[in-house]
Amino acid sequence: MWRNFASNALTLFIGLLLVAGGAVIWAKGQYTSPGPLEQAICLRVDSGSNMRKISEKLVAEAAISNAAIFRAGADYSDKARLLKAGSFLVQPGASMEEIVDSITRGGRSTCGTEVNFRIGILSAELQVRELDPATNRYREVLAFNPAEEEAPAGYAEVAAQSDVRYRVTLAEGVTSWQVIEELKDAEFLTGDVADVPAEGGLAPDSYEIPRGADRADLVVQMQERQQDTLARLWAERDDDLPLSTPEEALILASIVEKETGVPEERGQVASVFVNRLKQGMRLQTDPTVIYGVTKGKGALGRGLRQSELRGETPYNTYLIDGLPPTPIANPGAAAIEAALNPDQTSWLFFVADGSGGHAFAETLAEHNANVANWRKIEAERANQ
């Protein structure tokens, strides 16, 4: 009898172990398999939250099938205590394991509200945007120029949120003076910049930063990114260029940047200036003359006067040979690449064609015809 009892008990114990083992395997499969979420969501993790609250929120959003398995998986992987505050994009079909990794890995928000301080050619604008998880596109909530307008009431509410992301974006072609002046109006930054950086030395790009970041540190980051870009593209340059140094490449790139806003034209515009430099022709480009007048401190706001076109400055390429002494703006990577790898053409001239682009020419006669056509377009527009 005792033997039967022991045998039955052992059988029961083994059965329980098998059931338990099967349950563990099933739970692990649930934890690592694709989840039930059908449409992306933005999961907000408040400061002081915990895995229980998050698991319940995910169940309510139909992002996971079992809150207990979610918490057990987080505990088993030693990530339950690593929960970070922020807003995190959860993609359709994300597994519990992937969600746990997302909300514990780095703590940087990947969705929700973003404040983007965009420094453009003419002015700066502070934009508040919300990421739509369904389309993965930003929707503008509000925008204002902090140098000219009071911040809307809604901005204070946004700035008070702990999971808001901040970034500063530089447009291609802004000058270093403009950047430093505009950064003074970014209320989420701290500190001062002692001196205006060298022209051309800041990389037009988007920089994600924490609230309270130091302005001088941000400028250093912009400089380092431009140095890295210039060094990389200089190493990949065409062999037959009339450029001796990376600094000369930066000067030419800044002229290309200011001459065309059409991406497809950068290589063509660069080819004109490269051809002129090779033939010893003066560059004769208005943007350099304008820089000699404004020193990069804002837009000219009008056409050039004849006296300015005849005025002697180091930047008047109608009067000087070769390149001006410094860049005239901060060129982006695409303009630098165009300057270092221009299109192969025989063009020596270009003029606006009325469509936003330019008409290119090899001979002066062709160029004069293009100029006449542009004058006609200008006259027709003036009479409308």
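1. A salt bridge here is a side-chain nitrogen of Lys or Arg within 4 Å of a carboxyl oxygen of Asp or Glu. Asp 101 and Arg 105 make one through their side chains, at 2.3 Å from N to O. Before going on, note that this is a predicted model, where local features need pLDDT of at least 70, side-chain atom pairs count only at pLDDT 80 or more, and totals for chains, interfaces and linings use all residues. Residues are numbered from 1 along each chain as its sequence is written, and side-chain values use heavy atoms, with hydrogens and water left out.

2. Back to that pair: where does each partner sit relative to the surface? Buried means under 20% relative accessible area, exposed means over 50%, and partly exposed is in between (1.4 Å probe, protein chains only). Asp 101 counts as partly exposed because its relative accessibility is 25%. Arg 105 has a relative accessible area of 59%, so it is exposed.

3. Searching the whole structure turns up 15 salt bridges. Take Arg 129 and Glu 114, whose side chains meet at 2.4 Å, N to O. Helices (H or I, at least four residues) and strands (E, at least two) are DSSP runs, numbered from the N terminus. Glu 114 is buried, given its relative accessibility of 1%. Shared partners then tie Glu 114, Arg 129, Arg 165, Arg 167 and Glu 208 into one salt-bridge network. Elsewhere, Arg 266 and Glu 257 bridge at 3.8 Å, N to O, and both are buried.

4. Strand S6 (residues 165-170) deserves a look. Six of its six residues are buried, so the strand is largely enclosed by the rest of the structure. One side carries Arg 165, Arg 167 and Thr 169, the other Tyr 166, Val 168 and Leu 170, and all of them are buried.

5. Which strands flank S6, and how do they run? S3 (residues 113-119) is parallel to S6, joined by six bridges, while S7 (residues 206-209) is antiparallel to S6, joined by four.

6. Now the interior. A nonpolar core is a set of buried Ala, Val, Leu, Ile, Met, Phe, Trp, Tyr and Cys residues joined through side-chain atoms within 4.5 Å. The largest has 31 residues, and Val 115, Ile 119, Tyr 155, Val 168, Phe 188 and Leu 189 have the most contacts inside it. At least two core residues come from each of S3, S4 (124-132), S5 (137-144), H5 (153-159), S6, H6 (176-183), S7 and H7 (215-235). A separate core holds 30 residues, including Leu 233, Val 269, Ile 336 and Ala 338.

7. On to the rings. Rings of Phe, Tyr and Trp (its six-membered ring) pair if their centres lie within 6.5 Å; planes under 30 degrees apart count as stacked, over 60 as edge-to-face and the rest as tilted. There are seven such aromatic pairs in the structure. Phe 117 and Phe 188 have centres 6.4 Å apart and planes at 80 degrees, so they are edge-to-face. Phe 117 is in S3 and Phe 188 in the loop between H6 and S7, 71 residues apart. Both are buried, Phe 117 because its relative accessibility is 0% and Phe 188 because its relative accessible area is 1%.

8. Phe 273 and Phe 350 are edge-to-face as well, because their centres are 5.7 Å apart and their planes at 80 degrees. Phe 273 sits in H9 (residues 266-279) and Phe 350 in S8 (residues 349-352), so this pair ties together parts 77 residues apart in sequence. Ring pairs also bring in Trp 347 and Phe 360, making a cluster with Phe 273 and Phe 350.

9. Finally, Asn 330, in the loop between H11 (306-310) and H12 (333-340). Asn 330 is buried because its relative accessibility is 0%. What does its side chain reach? It comes to 2.9 Å from the backbone nitrogen of Leu 202, and a polar atom of the side chain lies 3.1 Å from the backbone nitrogen of Gly 200. Contact meaning heavy atoms within 4.5 Å, and leaving aside neighbours within four places in sequence, Asn 330 also touches other residues, among them Glu 172, Thr 175 and Pro 204.

How values were computed: Polar contact = N/O pair within 3.5 Å; in protein donor to acceptor, adjacent residues only side chain to side chain. Pairing = 2+ DSSP bridges.
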